[in-house]
Amino acid sequence: MNLGRTVAVRLLVFAASLFVASMAIFLVVNALPGDVATAILGFGADPASVAGLRVRLGLDRPLLVRYLSWVGGMASGDMGRSYLTNESVTALVAPRIAVTAWLVAFSMLIAPLVALPVGMVAAVKRRSWQGAAASTVSQIGLSIPAFYAGILLVIVFAVGLRWLPANGYTDLVDAHGQWRPVAFVQHLVLPVTSLVIVQASVLTRYVRSAFVEVLSEDYFRTARAVGWTRWRALWRHGVRNAAISVVTVIGLQLATLLVGAIVVEQVFRLPGLGTALLSAVANRDLIVVQGIVMILVFAVLVINLLTDLSYLLIDPRLRNRDAR
Amino acid sequence: MSPLLEVTDLRVAFGRSHREVVHGISFALEPGERLGLIGESGSGKTVTALAVMGLLAENAYVSGSVRVGGRELVGLRDRDLAPLRGQAMSMVFQEPMTALDPTMPVGRQVAEVLLLHQHLGHGVARGRVIEVLAEVGLEDPERVADAYPHALSGGQRQRVVVAMALINRPDLVICDEPTTALDVTVQAKVLNLLDAELDAVGASCLFISHDLAVVSQLCERVLVMLDGDIVEQGSLAQIFNSATHPYTRGLVATARLDAVEPGERLPTVEDYYQRQVRR
């Protein structure tokens, strides 16, 4: 299988997953009990006005028609209008994407930077106290839920030490075109940290086991036999080999990370997709729920696609499969 | 002349229970000499080789003395020992299929060995790598240098490993069953290659094998190892003609299939030597 075909197949799978996901999201959301029209008008409303509202909102059309008009709109960037406020969903969601994206992107970048050294120490020093300490710390980090870590961080760093804001968000560039990098970072430190604690802990365990495997590999022994010290051999010949399994986990963890972000946004009152999603669910504003979930699924699928393609960069054996 | 490699009362034990697998062996290797180390699997041959190279796992306890060029290696820290590996002494491993990093072109892996110990420009290194790959009998060395290990055959990979071991012209080359994983025709070619290259570089060789026939092609002198002890040593002629230990006599019999009459049962080591059951 050559490179071009491999990439084409991956893209095809991506498109198919996107289609199936949109179907599933639409069906699940529309099968949920609870009717928007009833929710808007209240449970005591007269059935005739409920039916009238359903017609106005387009809820009386057949399921397939509603699905197609939703998907068609999404493709052109129109995610419909909120049932409750008649606001454009795209306008509601667009500024929030950046908030969640920053939160998730920082966590995804920082977690491996923490997990790589800690996991390597845990692997190389696994027979001494340093390794045991690294494993214990990751075990503890793993067992603290992100929202709880967030609350603890707020108590210590915002309420106690007053180093950082307890909640809220500042855009990198404010409404007047002014750059606000310091305030921007200050508001993200605690939420990102609470996500990183869990992510890095999970990742540390995978990094550790990947490197324990590398340590027993023949090529690692060869690298040491030609003159690399243990650590430099690991760095030079271990990281790339370990990356294959660790990158898989980073990709798979993204879904958990997004769920964590939704909760953490709530804890820190960040105006991201998570807070919008939770309030839309509470209000039965299904079209908003659909839109946001679809965006999240899209992000997961894109990252998984990138993960798949990154294997081709990391592992030369996959580039040309029939060459042995 | 003082020996190049001098091993005295080498003991290796593993794990918390300090289970000893090499029980105080001593031997010496003169400059330019080739010494065979023979024994069955589990006899401690590879552990001995790795102890000399300082490549044993961290849960290994090594005592005694290993001197290379007069320098004591036992007790050296990894970072003091590493510069000697690949430069003063190098190693050819048993498994060519897994001995190379699968994510790096082999040319770069060979160049690394060169650049690690000598300050050369990358262009110069590349030229030298191509040269050495040609020396170890690889056709089209330019193409091989850019290939990843998975694109090469076992024999080709073992030639690359030999190139890595010899590129810095070390004084001591340890070969740990370098042909065991190869099929018989490739085995003969790699043995001939080692024979020629060791001569060209002028390196001493500690050649480990379970096969006396293979050792006899390359070495002048042989150590016989059994259960962590050296039970016999001598020149090839002494080993073949006047071995004293029954285990050695068994090895000799199994290596001399020309002495077996057609129709006769093939000899086994157990015909000569039965291990006492230790309690």
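Q: What radius of gyration would a compact globule of 279 residues have, and what does chain B have?
A: The radius of gyration is taken over C-alpha atoms, and the globule rule is 2.2 Å times the number of residues to the power 0.38. For 279 residues a compact globule would have a value near 19 Å, and chain B has 19 Å, which agrees. The C-alpha trace of chain B spans about 60 × 50 × 40 Å along its principal axes. This is a predicted model, in which local features need pLDDT of at least 70 and side-chain atom pairs count only at pLDDT 80 or more, while totals for chains, interfaces and linings use all residues. Residues are numbered from 1 along each chain as its sequence is written, and chains are lettered from A and ligands numbered from 1 in the order in which they are written.

Q: How many helices and strands are there in chain B?
A: Helices (H or I, at least four residues) and strands (E, at least two) are DSSP runs, numbered from the N terminus. Chain B has 10 helices and 10 strands.

Q: What is the order of the strands in the open sheet of chain B?
A: Two strands pair if DSSP finds at least two bridges between them. The six strands of this open sheet run β6-β7-β8-β3-β9-β10 in chain B, with mixed pairing. At the edges stand β6 (89-92) and β10 (229-235) of chain B; each has a single partner strand, so one side of each is left without a neighbour in the sheet. Within the sheet, β3 (residues 34-38) and β9 (residues 221-226) of chain B are paired in the parallel sense over four bridges, and B:Gly36 has B:Val222 in β9(B) as its bridge partner.

Q: In which sense do β1 and β2 of chain B pair, parallel or antiparallel?
A: β1 (residues 5-14) and β2 (residues 19-29) of chain B pair in the antiparallel sense over eight bridges. B:Glu6 is bridged to B:Ala28 in β2(B). Four residues lie between the strands of this hairpin, where B:Gly15 takes a positive phi near 75°.

Q: How many residues of chain A are in contact with chain B?
A: Two residues are in contact if their C-beta atoms, placed from the backbone, lie within 7 Å. By that rule 23 residues of chain A are in contact with 29 residues of chain B. Elements giving two or more residues to the chain A side are α9 (218-225), α10 (230-268) and α13 (316-319) of chain A. The largest share, seven residues, comes from α9(A).
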